[in-house]
Amino acid sequence: MTTFIKRAALVVAATALFAGTANAHRTWLLPSATVLSGKDTWVTVDAAVSNDLFYFEHNPLQLDNLSILAPDGTPVTAENISKGRYRSTFDFKLDQPGTYKVMVVNKGVFGSFKVDGQQRRVRSTAEKIAQDIPPNATDVRITETNGRIETFVTSGKSNDKALIQTKSGLELEPVTHPNNLVAGEKATFRLTLDGAPAANVDVEIVPGGIRYRDKLGDTKVKTDESGTFTVTWPTPGMYWMNASVQDDKSAIQGARRRASYTTTVEVLPP
Amino acid sequence: MRGILTATVTSLLTIPAAAGDATVSIDIPRLNVAEYHRPYVAFWIESKDGSKISNLAVWYDTKQKANEGTKWLKDMRQWWRRTGQELTLPMDGLSSPTRQPGTHQFKLDAGAKPLNELSPGDYTLIVEAAREVGGRELLRIPFQWPPKAAQVLEARGEHEISGISLSLAP
């Protein structure tokens, strides 16, 4: 175990932050539209953490790490950002034809440990985590998290420049363009982890609208050796797709790494 | 409503095609709704495997300032994803204003685009209509090109399109 430099005070209790990354809730971005025509179009995006899809009933999604990529790969500024009780909202303008990618990428390092019989939690960064855990701590567990939440919007003719991968964490490489999804047709996607195929990973696919039916209607599919999975959409609507991996491949010594990917896609009727 | 639609479809049968021409006809129903808008309609031909697409006509609200009528083109959703999103409208010879309820037709000359570009085979005429604060309907007429005999092929709609017909002459 690495030796830790003693540091007075300043251990931030971060239980609430752990809850934000807990698996009990679903996080999502929900655009007002995903296929647009005409010039000077705008899209409003809702962002929330909730149980049921796509209903606002728990917490707004924090937008500190929001970014939007235009079809030419340049950044787009989100406007009219607001945080309400159950959802955050923002608008953005689609100046160019092509596909926009909207992302919230939350990276964090969390440590949990025991000091004098007391369970403590700390939120830190890769550089500082060693200092944030006291040298007399026991049961030290460090987790590095990388959570990516995305959605896609196309104005006019779709393209794929904004779909470029960062090769960090869990990402979705669309084989079928995410704004060309139609009920009854098969779509193909590929999951990557740090740029390499994410093989044998479970992907959960959940259609929205649970309030108006009895069965959740979720599907679980496993990626193959190349990280690829396919889905044939049963009905039109908004769908939530999510996958997560846990491994020891953190850059921080002795830490576990937890990476997750979530996206909302719109499936149109035939 | 259904009674009105079936009555007007019979008028499509009496349109003959001149030799070498194809005539496309559409019957737009008169609907009894509080807020009526003339539908956006797209007409196009696809080869059987979907690889070749030829646009015939697109009717949309061309009169809006700053071409704002293009905002609703995507509501013709199959047309939009197959071909519409790649076009810039207005386009000479392709786009024109929306039409009133009633029968409308236009001729395609066998010696001109797109008919003169069609290699022999199976094709489908597809017509998609979308109405503001209304619905959307898509109709298809499969046909062979070139036609071996004179024929009038039809497809009937249920709500946004009373019917379409394709008149062919060899």
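## Layout of chain B

Along its sequence, chain B runs α-β-β-β-α-β-β-β-β-β-β. That amounts to two helices and nine strands, where helices (H or I, at least four residues) and strands (E, at least two) are DSSP runs numbered from the N terminus. The model is predicted, so local features need pLDDT of at least 70 and side-chain atom pairs count only at pLDDT 80 or more, while totals for chains, interfaces and linings use all residues. Residues are numbered from 1 along each chain as its sequence is written, and chains are lettered from A and ligands numbered from 1 in the order in which they are written.

Chain B has 170 residues, of which 32% count as buried. A residue is buried if 20 or more other C-beta atoms lie within 10 Å of its own, exposed if 12 or fewer, and partly exposed in between, with C-beta atoms placed from the backbone. Two residues are in contact if their C-beta atoms, placed from the backbone, lie within 7 Å. Of the contacts in chain B between residues at least 6 apart in sequence, 64% join residues at least 24 apart.

## The five-stranded sheet

Chain B holds an open sheet of five strands in the order β4-β3-β2-β6-β7, with mixed pairing. Two strands pair if DSSP finds at least two bridges between them. The edges are β4 (95-96) and β7 (136-145) of chain B; each has a single partner strand, so one side of each lacks a neighbour in the sheet.

Within chain B, strand β2 (residues 40-47) pairs with strand β3 (residues 53-59) in the antiparallel sense, over six bridges. B:A42 has B:V58 in β3(B) as its bridge partner.

## One helix residue

B:R81 belongs to helix α2 (residues 77-82) of chain B. Because 19 other C-beta atoms lie within 10 Å, B:R81 is partly exposed.

## Nonpolar cores

A nonpolar core is a set of buried Ala, Val, Leu, Ile, Met, Phe, Trp, Tyr and Cys residues joined through C-beta atoms within 7 Å. The largest has 49 residues, and those with the most contacts inside it include A:W28, A:Y100 and A:L170. Strand β3 (residues 41-50) of chain A gives the largest share of this core, five residues. A second, separate core has 28 residues, among them B:V41 and B:V127.

## Where the chains meet

In chain A, 10 residues are in contact with 10 residues of chain B.
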